[in-house]
Amino acid sequence: MFRRLFAIIIISIFFFLTTGIFSPPAEALVQIKVTDINYKECPIGVGEGSVTSGGSALPATCYLITGKTNNTSGKILYDADVFGRIYDANNEPVLQNRSRLGALEQVPIGMSEFELRISVPSNQPTPLQLKQFKATGFSSKVYPTF
């Protein structure tokens with residue numbers, strides 16, 4: 001009985017110590033401040049097409065969302081998701097039930113500019129209103145690259 005208890009304790013200690021050695025470090029999610037948000041129509045040929053919803057195609061207008069990120073973490077951030085709310089001229093949401101607008105592969109230390117492409121149904125009146133923008137990134141790559 002004593003040998004069994006001793007063996008269990010030794011094995012438990014072994015697993016406890018090796019878990020700390022072989023497990024990958026946890027990567028913290030880092031907040032990134034987003035400023036100077038603006039938009040413009042895509043250049044000709046970049047965003048031609050339609051938006052598909054419920055099996056029917058609707059004419060779409062392509063826009064480029066531009067802005068600046070301020071990475072104060074002291075290290076390059078990766079796979080940063082950009083979130084924000086976009087409303088049309090009538091204060092109606094442009095992208096229903098969707099606040100994640102895209103991702104930035106890398107966010108360098110300090111201030112940098114970014115650009116995201118979105119497609120908006122053509123029947124939504126402009127000017128667009130851009131609100132509550134923010135981003136979050138990781139200190140190492142998270143998404144697999146193929």
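Tutor: Start with one residue. Asp 81 counts as buried, at 11% relative accessibility.

Student: What are the cut-offs for buried and exposed?

Tutor: Buried is under 20% relative accessible area, exposed is over 50%, and partly exposed lies in between (1.4 Å probe, protein chains only). Buried residues make up 29% of the 146 residues in the protein chain.

Student: What kind of model is this?

Tutor: This is a predicted model, in which local features need pLDDT of at least 70, side-chain atom pairs count only at pLDDT 80 or more, and totals for chains, interfaces and linings use all residues. Residues are numbered from 1 along each chain as its sequence is written, and side-chain values use heavy atoms, with hydrogens and water left out.

Student: Where is confidence lowest, and where is it highest?

Tutor: pLDDT is the predictor's confidence in each residue, from 0 to 100. The protein chain averages 81, and 78% of its residues score at least 70. Strand S2 (residues 50-53) is lowest, with a mean of 52. Strand S7 (residues 129-138) is highest, at 92. Where pLDDT is low, the predicted coordinates should not be read in detail.

Student: How many helices and strands does the protein chain have?

Tutor: The protein chain has 1 helix and 7 strands, in the order α-β-β-β-β-β-β-β. These are DSSP runs numbered from the N terminus: helices (H or I) of at least four residues, strands (E) of at least two.

Student: Which partner does Asp 81 have in a salt bridge?

Tutor: Side chains of opposite charge can pair when their charged atoms come close. The rule asks for a side-chain nitrogen of Lys or Arg within 4 Å of a carboxyl oxygen of Asp or Glu. Asp 81 pairs with Arg 100, at 2.9 Å from N to O. Arg 100 is in strand S5 (residues 100-107) and Asp 81 in strand S4 (residues 77-87), so the bridge ties parts that are 19 residues apart in sequence. Arg 100 is partly exposed, at 37%.

Student: How many salt bridges does the rule give?

Tutor: The count is 2. Asp 36 also bridges to Lys 68, with the closest N and O atoms 3.6 Å apart. That pair links strand S1 (residues 29-41) to strand S3 (residues 56-71), 32 residues apart. Asp 36 counts as exposed because its relative accessibility is 51%. Lys 68, at 29%, is partly exposed.

Student: Which residues have the most contacts inside the largest nonpolar core?

Tutor: In soluble globular proteins, nonpolar side chains tend to be buried together. A core is a set of buried Ala, Val, Leu, Ile, Met, Phe, Trp, Tyr and Cys residues joined through side-chain atoms within 4.5 Å. The largest has 21 residues, and Val 82, Ile 86, Leu 104, Leu 116 and Phe 133 have the most contacts inside it. S1, S3, S4, S5, strand S6 (110-121) and S7 each give two or more residues. Beyond four places in sequence, Ile 86 touches residues including Ile 65, Leu 101, Ile 118 and Phe 133.

Student: Which backbone angles deserve a check?

Tutor: Most residues other than glycine have a negative phi, and most peptide bonds are trans. The Thr 126 to Pro 127 bond is cis, with omega near 10 degrees. Pro 127 lies in the loop between S6 and S7. Asp 79 has a positive phi, near 50 degrees. Asp 79 is in strand S4 and is buried, at 7%. Asn 91 has a positive phi of about 65 degrees. Its place is in the loop between S4 and S5.

Methods: Contact = heavy atoms within 4.5 Å.
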